[in-house]
Structure formats: structure tokens, C-alpha cells
Number of protein chains: 4
Amino acid sequence: MPRMTHTIREKHKLLGRVRRLRGQVEAIERALESEAGCEQVMHLIAGARGALAGLMAEVVEDHVRTHLVDAEKHPGALNAEAAEHLLDVVRTYLK
Amino acid sequence: MPRMTHTIREKHKLLGRVRRLRGQVEAIERALESEAGCEQVMHLIAGARGALAGLMAEVVEDHVRTHLVDAEKHPGALNAEAAEHLLDVVRTYLK
Amino acid sequence: MPRMTHTIREKHKLLGRVRRLRGQVEAIERALESEAGCEQVMHLIAGARGALAGLMAEVVEDHVRTHLVDAEKHPGALNAEAAEHLLDVVRTYLK
Amino acid sequence: MPRMTHTIREKHKLLGRVRRLRGQVEAIERALESEAGCEQVMHLIAGARGALAGLMAEVVEDHVRTHLVDAEKHPGALNAEAAEHLLDVVRTYLK
């Protein structure tokens, strides 16, 4: 069952990403509690924003590759090149 | 030939958008030439950015609806609901 | 000491924001663990992105209003209208 | 009059940027007119978006450096380091 294997690997990657993001949000909280400077807080928020964008890009990629077309019912129907062009745009805007 | 009709209507809409955008960029140029205040220039740039985002959203929508799946070869293969969820995300990020 | 009062009120508001954001990130984590659909995960991520942008906008506002000029040494030096125009731009781009 | 010299040099740089941007918008228009592929149009729009963001970053920088504080009335009042931290954030979000 290759589909399931893919999903489990993908799930692990996404969970790793969201846990790192949680750590980054907790670091923002600690910085605010300890009255760190605005610069440090802004820097931490910018980092969390990058992590969140990376997470979204990966979920969107997964969504495009596995949900836009049911590959079992319609094998080969998804135009891989057109999907790749779309994901290029998504990544540009999520940066 | 409904596909062609769609493309021509779509092309007219997109051309209308890009021409309005050109007008907005020319207004930024005139504002800079006449030494308008930073506030006005920033306001005009923010407007052009919205217009450009709207143009991209429409091209991406067109791309998802007509190019990800060749509807003649694979009728019904594109999951319309999944495509709509994807476009919701794209619109959120393009705003 | 009005400055300190301001800082403490501001700190409470920011801590409230970052704690809500942490809750939203934890909801993404739970959604991934329970294998919720991509749509739900994308929706939760878009919500967290809005919360993070709101947090950044507030920290930037605080930074512009209190750190660009030392109001004790240079009272009245910050052009309030120009600062407001800048913050309008920042809010537009953070949305 | 160093202030004026700065303004004229800055104006030339900004006009150069906006004229290149106009050229990019015209290229999008021609691509749509000649029925270029979605991929090419999306690529051109992404390029114009980068150019527009660069223009906004430069105008914001100019605004922060010259308008937040009237340097003739309040010399030395703008905290240069705090302004730099702010501009770092602006550039991150405008990318």
C-alpha cells in the first residue's frame, strides 16, 4: 500500500515541523515574559512566520499531489508539469 | 466550442486587469516625478500591489481549473471541492 | 510613571496574543495527529498566520511609538502623522 | 544643501525602479495578448511583484530615514539602530 506509506512519512515530517513551530512560539512567549527587547521579539516572530509558511507550503504540496485528483480512479490525470508550476507560485508567495 | 469561449472571456478580464494595473504604475511614476509626498506614493504602491495580487489570483484560478487536468481526456478527474479549498488558501495568501 | 504603565498594559496584550497563537499551533498539531483532512489543516494554518501577523503588527507599532525616538530626551521629535502613515503600510503588508 | 542632493539622487533611483516595473507590467500585457501559457504569465507576475516590493521597501526606507523625525529641528533624535531593526522587519515582510 504505497499511498499509506507516503501518508505516514508525510505525517511525520509535518508533525516535526509543527512541533518546531510550537517551540518557536514558546520562545516568543518567554521573550515577552522576560521583557526582551523589541528587536529580539520581532526577530523571533519573523522566524516563526518562516516556519509557518514552510508548513503551509508542505501541506499545500501534499494537497495538490494527493487530493486534486483521485489517482486510483483517474491514474495519470493530474498534469505533473502544470502542478509543479502551480507549486512554484505557491512557494514564491509563501516565502 | 465552450472551452474557447471561456478562454476569450477570461482573456478579456485579465487584459482589463493588467491595463488598470499599468495605469496604477503610471500614476506612481507621475507621483514620483511631481515629488508627491511619501504617504501618497506608499498609498499608490499599496493599491498596485492589491491589483497585482488580484491578477495573480485570477491567473492561478484559471490555471487550476483548466490546466491541472485535461478535461477532454480525463473528464471529471479534477476534484472540484479540493480545488476550491486550494484556491481559498491561494486567495488568503495573495491578499 | 505613565511610560511603565503603558509597557505593562502592552505586555499583557502581547502575552494574550502569543498564548492564543500557541493554542492555535497546538490545534494544528492535534489536527495532524488525528489525521484531519488537508482542508482543515490549511484552514488552521491560515488562522495561525493571521494571529502571528497581528502579533507582529502590534510589536512593530510599539517599537515605532516607543523606540525610534527617546521621548524623554527628544520630546515631540517623532512626527506622529508620518509614523501613522508608516504603520498603515506595515498593517497592509502584514494582513 | 545635502538634504536636496539626497532627495534628487533618491528620486532618480525610485524613477528607475518604477520604469522597470512599468516595463514588466507591459510584458505581462503582451504575454496575455499573445496567449502565452499560464506558466509564463505567472512567472512574469511573480517578477513584477518582486519589483513592486523592492520599490515599496525603498520608499519606506526613505520615509523612515527622512520623515519620521525632522532632522533640522531635532538633530540626532532618530535612534538609528532602532530604525535599522524596523527596516529589517519591513524588508522581511516585503520579500
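## Interface of chains C and A

Buried area is the accessible area, for a 1.4 Å probe, that two parts lose on being put together, summed over both. In this predicted model, chain C and chain A bury about 2,800 Å² between them on that basis. Carbon and sulfur atoms give 78% of this area. The contact draws 30 residues from chain C and 30 residues from chain A.

Charged pairs also cross this boundary: eight salt bridges are found across the interface of chain C and chain A. A salt bridge joins A:Lys11 to C:Glu35, and the closest N and O atoms of that pair are 3.0 Å apart.

## Interface of chains D and A

Chain D and chain A bury about 1,000 Å² between them, with 68% of that area on carbon and sulfur atoms. Here 10 residues of chain D are in contact with 10 residues of chain A. On the chain D side, D:Met42, D:Arg49 and D:Tyr93 supply 45% of the area that chain D buries against chain A, more than any other three residues. The interface of chain D and chain A has zero salt bridges.

In one of them, helix α3 (residues 80-94) of chain A packs with helix α2 (residues 38-67) of chain D at an angle of about 10 degrees, the axes being 10 Å apart. Angles under 35 degrees count as roughly parallel, and α3(A) is therefore roughly parallel to α2(D). From α3(A), the residues A:His85, A:Val89, A:Thr92 and A:Tyr93 meet D:Glu39, D:Met42, D:Ile45, D:Ala46 and D:Arg49 of α2(D). The contact of α3(A) with α2(D) comprises five nonpolar, two polar and two charged residues.

The other pair consists of helix α2 (residues 38-67) of chain A and helix α3 (residues 80-94) of chain D, whose axes come within 10 Å and cross at roughly 10 degrees. The helices α2(A) and α3(D) are therefore roughly parallel to each other. Their contact is formed by A:Glu39, A:Met42, A:Ile45, A:Ala46 and A:Arg49 of α2(A), together with D:His85, D:Val89, D:Thr92 and D:Tyr93 of α3(D). By class, the residues joining α2(A) to α3(D) are five nonpolar, two polar and two charged.

## Helix packing within chain C

Within chain C, the axes of helix α2 (residues 38-67) and helix α3 (residues 80-94) come within 10 Å and cross at roughly 165 degrees. Angles over 145 degrees count as roughly antiparallel, and α2(C) is therefore roughly antiparallel to α3(C). The crossing of α2(C) past α3(C) is right-handed.

The side of α2(C) in this contact consists of C:Ala53, C:Met56, C:Ala57, C:Val60, C:Glu61, C:Val64 and C:Arg65. From α3(C) come C:Ala83, C:Glu84, C:Leu86, C:Leu87, C:Val90, C:Arg91 and C:Leu94. Of the residues in the contact of α2(C) with α3(C), 10 are nonpolar, none is polar and four are charged.

## Salt bridges in the whole structure

Side chains of opposite charge can pair when their charged atoms come close. Over all chains, the structure holds 48 salt bridges. One of the salt bridges is formed by the side chains of B:Glu29 and D:Arg22, at 2.8 Å from N to O. B:Glu29 lies in helix α1 (residues 2-33) of chain B and D:Arg22 lies in helix α1 (residues 2-33) of chain D, so this pair joins two chains.

Notes: Residues are numbered from 1 along each chain as its sequence is written. Chains are lettered from A and ligands numbered from 1 in the order in which they are written. This is a predicted model: local features need pLDDT of at least 70, side-chain atom pairs count only at pLDDT 80 or more; totals for chains, interfaces and linings use all residues. Side-chain values use heavy atoms; hydrogens and water are left out. Axes are lines fitted to C-alpha atoms, for helices over the stretch in contact, and angles run from 0 to 180 degrees between N-to-C directions. Helices (H or I, at least four residues) and strands (E, at least two) are DSSP runs, numbered from the N terminus. Angles under 35 degrees count as roughly parallel, over 145 as roughly antiparallel, 65 to 115 as roughly perpendicular and the rest as oblique. A crossing is left-handed if the near helix is turned anticlockwise from the far one by less than a right angle, and right-handed if clockwise. Contact means heavy atoms within 4.5 Å. Ala, Val, Leu, Ile, Met, Phe, Trp, Tyr, Cys and Pro count as nonpolar, Asp, Glu, Lys and Arg as charged, and the others, Gly among them, as polar. A salt bridge is a side-chain nitrogen of Lys or Arg within 4 Å of a carboxyl oxygen of Asp or Glu.
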